[in-house]
Amino acid sequence: MTSRELLYVKTVADEKSISQAAKKLFIAQPSLSQSLQRIEDSLATKLFNRTSAGLTLTYAGERYYQIACKILKIYDDFETEVSDINNLKTGRIQMGITNHLSTIILPAVLPEFKKNCPQIQLSICEEITANLESRLLAGELDFAILHAPKELTNPQLYNEILSRDPFIIALEGSHPLVKKAIKKEGYSYPVLDLKLLKNEPFIMVHKQQRIRQVTDTILSKAGISQPNILLTLKNYETAFGLAGQGLGVTLLPDDYARITQLKNPPTLLSIDDKYSPNWDLCITSLNGGFLSRADQYLISLVRKNFCNEVVYL
């Protein structure tokens with residue numbers, strides 16, 4: 001198996017279409033079809049099921065795809081090692097970051113990075129956390145900047161915690177529960193016992209999003225394992241705005257809540273520390289994976305600007 005053959009099969013599997021894969025690989029569709037046929041003939045087995053809905057992998061194809069990802073990752077790591085030998089005169093970084101964090105972190109670190117490493121190619125993938133973790137596991141990213149899960153992490157992933165941000169409650173200012181919140185030392189806002197939200201309608205983001213996953217964990221600790229969800233949205237800002245209009249209650253990170261231009265923002269309440277109401281900003285990479293000198297330098301800039309407490313998981 002050559003690296004080109006591995007790349008051909010991986011790309012076709014990812015695109016589920018020979019024509020789309022050919023466009024991505026910048027080769028003619030007939031040439032790609034012939035190459036796939038030669039690969040299958042040499043292995044004496046089919047790698048793809050040809051269906052009316054597109055191409056799907058056979059069992060042998062799934063194993064080929066898994067091996068291809070691992071071997072192509074080794075090739076990429078070797079190229080990066082060569083750039084180290086050349087004192088970072090050439091090379092590339094493939095990093096991931098969530099959409100919101102990119103607006104905060106990248107402007108703070110990229111100017112200095114590009115000034116000191118002008119020849120390093122930088123590929124940035126902005127995605128939701130779940131997709132970034134999947135791409136890390138597939139060997140498509142060197143590292144990602146995201147928020148760590150509350151539950152046990154995938155053992156294949158390594159999270160370096162940089163800082164911790166509390167979650168808060170957002171609800172309409174005239175809501176009766178606002179008067180039940182108590183001012184406590186050490187909290188930014190009056191503290192409301194989460195258990196009082198048991199019968200309240202919630203505005204949530206989708207389960208694939210880390211904000212939702214952390215919210216579910218926090219509510220579960222308060223005995224709210226099946227919250228009354230009125231609306232499920234993709235945009236946390238929309239959920240925040242609707243909470244201010246009295247449509248329901250939402251939980252979100254304090255640093256997200258502070259960035260708002262709403263005319264009628266919701267009232268913010270703190271959550272007692274006994275519910276572990278926080279999430280952790282982290283740098284995530286493959287456990288035991290290779291990070292080039294360029295990767296490490298960019299990561300060091302992120303640490304310098306955003307590290308408040310370093311914890312290793």
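On a 1 Å grid over the protein atoms alone, a pocket is an open set of points where a 1.4 Å probe fits, with protein on both sides within 12 Å along at least five of seven lines, and its lining residues have an atom within 4 Å of a point. Grid points are joined across faces, edges and corners, and a volume is the space filled by probe spheres set on the points. Welcome to a predicted model, in which local features need pLDDT of at least 70, side-chain atom pairs count only at pLDDT 80 or more, and totals for chains, interfaces and linings use all residues. Residues are numbered from 1 along each chain as its sequence is written, and side-chain values use heavy atoms, with hydrogens and water left out.

**View 1. The largest pocket, with a volume of about 620 Å³.** Look for Leu7, Lys10, Leu72, Asp76 and Gln94, the closest to the centre among the 25 lining residues. Two or more lining residues come from each of helix H1 (3-15), helix H2 (18-25), helix H4 (59-85), strand E3 (92-97) and strand E4 (121-126). Helices (H or I, at least four residues) and strands (E, at least two) are DSSP runs, numbered from the N terminus. The biggest share of this lining, seven residues, belongs to H4.

**View 2. The residue classes around the largest pocket.** Its lining holds eleven nonpolar, five polar and nine charged residues. Here Ala, Val, Leu, Ile, Met, Phe, Trp, Tyr, Cys and Pro count as nonpolar, Asp, Glu, Lys and Arg as charged, and the others, Gly among them, as polar.

**View 3. The second largest pocket, with a volume of about 430 Å³.** Of its 18 lining residues, Asn99, His100, Gln209, Tyr236 and Tyr256 lie nearest the centre. Helix H5 (99-116), helix H7 (210-221) and helix H8 (236-244) each give at least two residues to this lining, and H5 gives the most, with three. By class, the lining has six nonpolar, eight polar and four charged residues.

**View 4. Tyr236 and Tyr256, a tilted aromatic pair.** Rings of Phe, Tyr and Trp (its six-membered ring) pair if their centres lie within 6.5 Å; planes under 30 degrees apart count as stacked, over 60 as edge-to-face and the rest as tilted. The two tyrosine rings sit 4.7 Å apart, centre to centre, with 45° between the planes. Tyr236 lies in helix H8 and Tyr256 in helix H9 (residues 254-257), so the pair ties together parts that are 20 residues apart in sequence. Tyr236 is buried (under 20% relative accessible area, with a 1.4 Å probe and protein chains only), at 15%, and Tyr256 is buried too, at 5%.

**View 5. An aromatic cluster.** Ring pairs join Phe167, Tyr236, Tyr256 and Trp279.

Conventions. Buried < 20%, exposed > 50% of the residue type's maximum accessible area, 1.4 Å probe, protein only.
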